[in-house]
Amino acid sequence: MAGEVLVPVEGGRARDYGGGVTFSVAVTSLMAASCGLIFGYDVGVSGGVTQMDSFLNKFFPEVLRGMKSAKRDAYCKYDNQLLTAFTSSMYIAAMLASLVASSVTRRVGRKAVMLIGGIMFLAGSVINAGAVNVAMLIVGRILLGFGVGFTAQAAPLYLAEISPTRWRGGFTTAYHFFLVAGTLAANVANYVTNRIPDWGWRVSLGLAAVPSAVIVMGALLVSDTPSSLVLRGEPYAARASLQRVRGAGADVEAELKDIICAVEAARRDEEEGAFRRLRAEGYRHYLVMMVAIPAFFDLTGMVVISVFSPVLFRTVGFDSQRAIFGAVIISLVSLCGVALSTLAVDRCGRRFLFLAGGTAMLLFQVAVSWVLADHLGKHQAVTMPKNYAMGVVVLVCLYTFSFSMSWGPLKWVVPSEIYPVEIRSAGQAITLSVALTLSFTQTQVFISMLCAMKYAIFLFYSGWVLAMTLFVAAFLPETKGVPLETMRSVWARHWFWRKFVVLDAAR
């Protein structure tokens with residue numbers, strides 16, 4: 001069974017290879033981070049389009065008829081499983097693609113996987129824009145999901161492997177920054193196209209081709225990461241790639257040596273297979289994080305709020321245009337939160353942001369639940385008083401800001417940096433597949449849950465936020481400033497996980 005090799009550290013601290021932020025690493029990282037655009041655009045566009053009257057009249061007229069019924073429950077206006085399948089089908093396709101992308105990445109590299117993902121997303125956006133029936137919509141959504149699954153598997157790892165150690169958190173956070181920027185762009189597009197009768201929704205869906213074309217062109221221009229090149233038996237290309245991103249005058253020998261040592265250790269046990277290796281006791285902490293981090297991320301409720309915020313705002317009484325404008329505001333708030341996180345993550349550390357953000361999210365979710373319980377659906381009304389509806393918008397914005405400075409970006413940062421090279425692609429695939437499976441489940445059932453649980457749905461999510469905050473406090477070590485190749489030392493010093501790492505290292 002594979003044994004885990006602990007990489008020595010200097011003076012009890014992780015080695016710092018040096019190297020600053022060069023023009024090459026900045027441009028390369030921007031291209032990889034832009035993969036978040038397609039994920040974010042899809043999240044934003046689907047929620048806005050599904051409450052457009054022109055879209056509903058074309059594909060889901062029964063929902064439109066139900067909305068106009070005076071007897072319709074305020075919480076149940078959009079409860080239609082075929083409508084939610086339009087949104088959720090992307091996530092199940094992305095989950096399947098992420099598992100396939102793990103093995104493909106090891107063979108052809110992270111750059112090629114991002115290119116393939118961009119092409120598939122481009123094809124899906126064209127099909128959706130020209131859809132004439134629900135089946136065509138679903139096929140297009142599945143292709144979009146394949147594109148998201150491939151790029152989301154490769155891009156965060158690409159960023160973690162290419163970035164300087166001391167700024168790795170900020171660089172990897174850029175993926176989530178672009179994800180939120182994509183959501184903002186989609187909400188702005190929805191706001192404009194909602195004014196176009198009959199075919200405005202086609203423009204919103206078709207504009208997804210723009211970010212995917214950017215990714216396709218960008219992926220053709222950048223090199224692969226040094227770790228990926230070494231893993232595929234190209235050490236000289238890896239040296240050239242590392243020299244390019246660290247700068248012509250930088251000494252890259254120490255970093256390259258550690259990369260090669262980590263890859264060689266992985267190759268010695270390659271016949272065992274990355275997924276089988278995860279069952280070994282020395283990898284137990286990685287396996288727990290592969291499941292816990294994405295599960296808690298999705299169970300914050302932010303995924304469904306991002307997707308269905310226009311629907312939520314229409315539920316509390318706004319018209320279509322104002323509901324989409326509310327989603328635009330939320331996206332802007334989210335972008336501000338991610339920007340703050342980018343500045344803070346390598347200064348304050350991952351744990352601080354996790355704990356501070358989790359505490360704030362808990363308070364704001366309970367407050368949203370309280371307002372809805374007291375003021376929505378009372379006395380057979382299908383809306384709530386305007387001042388309280390605005391209060392819901394403010395509370396959702398505060399909740400979104402708390403999420404965007406903590407769990408939002410860190411969900412991509414931490415998994416991309418904690419796994420050793422021999423399980424890095426498999427670990428990212430499992431992390432992503434867990435997240436996407438839960439996203440599929442939630443987007444499929446959220447409207448039904450809102451109809452059945454009403455305001456208590458936010459209490460449901462707040463319970464998970466409490467659980468995940470306690471989990472981070474007890475079991476997630478700080479990884480700020482630790483090189484990827486020496487990350488095992490962090491687990492060896494942790495009060496709980498060290499017994500598994502030490503036991504395995506002694507074999």
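# A tour of a helix pair and some salt bridges

Begin by selecting helix H18 (residues 350–375) and helix H22 (residues 456–475), which pack at an angle of about 165° with their axes 9 Å apart. What you have open is a predicted model, and the values given on this tour were computed from it. Because angles over 145 degrees count as roughly antiparallel, H18 and H22 are described as roughly antiparallel to each other.

On the H18 side, the residues that make the contact include Phe354, Leu355, Leu362, Val366 and Leu372, while on the H22 side they include Phe458, Leu459, Val465, Leu466 and Val472. Gly358 and Thr359 of H18 also take part, as do Ser462 and Thr469 of H22. Sorted by class, the contact of H18 with H22 has 16 nonpolar, six polar and one charged residues.

Now leave the helix pair and turn to the charged side chains. Side chains of opposite charge can pair when their charged atoms come close. How many salt bridges does the structure hold? There are ten of them, and the next stops visit some of these.

Select Glu417 and Arg168, whose side chains meet in a salt bridge with an N to O distance of 2.8 Å. Glu417 lies in helix H20 (residues 407–418) and Arg168 lies in helix H8 (residues 168–193), so this pair ties together parts that are 249 residues apart in sequence. Are these two residues buried or exposed? Glu417 is buried, and Arg168 is buried as well.

For the last stop, select Arg232 together with Asp224 and Glu234. The side chain of Arg232 meets that of Asp224 in a salt bridge of 2.9 Å, N to O, and it also meets that of Glu234 in a salt bridge of 3.6 Å, N to O. If you colour these residues by accessibility, Arg232 is partly exposed, with a relative accessible area of 24%, whereas Asp224 is buried, with a relative accessible area of 7%. Glu234, at 32% relative accessibility, counts as partly exposed.

Methods: Residues are numbered from 1 along each chain as its sequence is written. This is a predicted model: local features need pLDDT of at least 70, side-chain atom pairs count only at pLDDT 80 or more; totals for chains, interfaces and linings use all residues. Side-chain values use heavy atoms; hydrogens and water are left out. Axes are lines fitted to C-alpha atoms, for helices over the stretch in contact, and angles run from 0 to 180 degrees between N-to-C directions. Helices (H or I, at least four residues) and strands (E, at least two) are DSSP runs, numbered from the N terminus. Angles under 35 degrees count as roughly parallel, over 145 as roughly antiparallel, 65 to 115 as roughly perpendicular and the rest as oblique. Contact means heavy atoms within 4.5 Å. Ala, Val, Leu, Ile, Met, Phe, Trp, Tyr, Cys and Pro count as nonpolar, Asp, Glu, Lys and Arg as charged, and the others, Gly among them, as polar. A salt bridge is a side-chain nitrogen of Lys or Arg within 4 Å of a carboxyl oxygen of Asp or Glu. Buried means under 20% relative accessible area, exposed over 50%, partly exposed in between (1.4 Å probe, protein chains only).
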